[in-house]
Structures are given as C-alpha cells and as structure tokens.
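Trainee: Could you walk me through some of the side-chain packing in this one?
Mentor: Gladly, so let us look at it together.

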Amino acid sequence: MNKDFLRLYAVSDSRWLNGRTIEEVVQEAIEGGITMLQLRDKNSTEDEIISDAEKLLPICKKAGIPLIINDYPEIAKKCGADGVHLGLSDGSIENARKLLGDHAIIGATAHNLEEAKSAEKAGADYLGVGAAFGSSTKKNASNFNIEDYLEITSNVSIPVVAIGGINSDNISKLNGFGLAGVAVVSAIFDSDDVKKSAEKMRRLAEKLV
C-alpha cells in the first residue's frame, strides 16, 4: 500500500451528481488531483454498484489511482476493483483478505486506538479514522477529538487518513498529527465545479504532515 494514495482520498456520493453521470464527476475529481477513489453507495443494488464500478475502473486505471469499494468485498472481487473499505460492522478483515488476495488494498474504519490496533493486527492496509469534524453524510457520526489522531498515528505502523466533515476551512487543523491524508466527500462532490474544488483540497492536503 503506497500511503501517497491517501493524500486526497475522494469518497463518491451519488446524491450530489446533480444530473451528471458518475463518470463525468469522477473524471473532474481526477483532473483536480484526487489520489484514490472510494465508491460508496448505500442506496443502490449490488448490480447497480457493480455497473458503476465497471464504468469507473478504466477511468481510475488510466489515471493511476486505486478504486476502492465501500463495504462489499464480494463486489470488489466481481468488478476487479483494487480493494475494499470495511466499517466496523462490514465483516472481517481476515475474510476480505482471503477473498481478495494479498495484493488487494483493504482499509478499515476506526474511532479510537483500540480499534486501530485491532484493525492493524487483522491485516488492514490503512485506517480511516474520525469523524474529525462530524459528517454531512452520516448524521449519527459523533465528533472525534482530533488530538487523538497523534496517539493513533504514533502507535500503529499502517497509514492513517482522517475522515468526517473535512473541508477547505478546517483541514489545516489536522496538521501535525502524522496523517497520510484526508478522505473527503462533500468538499469535492457537493460542488458546482468539482475539478476546482478537488484542486483546492489537494493543495491543502499536500501541506499536512
């Protein structure tokens, strides 16, 4: 797992397509500088998610960025995606590894050091930790004490990406915690100009250390 892929990790959300196709929106985000893409769709069927993934995979491959499927290792396997991201209730990391193989990227969600260590021990390649500043896509997401990022990054050897309500106004608050990058949804996709928004977030993400 190249941790540079996590610098600006875009998480798609079909609610903000606004009449555009998912391919168009993702292409704009790629041109703006995203470094990895997660296809997350809580409301579509398996066949619909696979269809979207098959449209996005060649776009991502051409750009040299990984395509990650949220929640479903089986879908990642069927469509040939680069990996899967698992929440705490989305099945075991070990089973996903058996299904997808050693070269797949497997990310895991964590909210504290205990969960982070557990995910690392189970074989996760990276951690998504938050919610840093709440979340516009998960209404039940509780705020995370950003000071705890340093505790986590100092005690695990796999890269950590911050997620949750991150935008151009607050991303600088994440500096100094040893994060590999940020995962962003609305700050990129809830925009009239996805490319421009991605460019701005990429510039800011590059300043994180």
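Trainee: Is Tyr126 buried or exposed?
Mentor: At 0% relative accessibility, Tyr126 counts as buried, where buried means under 20% relative accessible area with a 1.4 Å probe and protein chains only, exposed means over 50%, and partly exposed is in between. Bear in mind that this is a predicted model, in which local features need pLDDT of at least 70, side-chain atom pairs count only at pLDDT 80 or more, and totals for chains, interfaces and linings use all residues. Residues are numbered from 1 along each chain as its sequence is written, and side-chain values use heavy atoms, leaving out hydrogens and water.

Trainee: How many aromatic pairs are there in the whole structure?
Mentor: A search finds 2 aromatic pairs, a pair being rings of Phe, Tyr or Trp (its six-membered ring) with centres within 6.5 Å, called stacked if the planes are under 30 degrees apart, edge-to-face if over 60 and tilted for the rest. The ring centres of Tyr9 and Tyr126 are 5.7 Å apart with planes at 75 degrees, so that pair is edge-to-face.

Trainee: And which is the pair with Phe177?
Mentor: Phe177 pairs with Tyr149, with centres 6.5 Å apart and planes at 35 degrees, so the pair is tilted. Both Tyr149 and Phe177 are buried.

Trainee: Switching topic, what lies over the face of Trp16?
Mentor: That is Arg15, at 5.0 Å from the ring centre; the criterion is NZ of Lys or CZ of Arg within 6 Å of the ring centre and within 35 degrees of the ring normal.

Trainee: What about Tyr9, buried or exposed?
Mentor: Tyr9 has 1% relative accessibility and therefore counts as buried.
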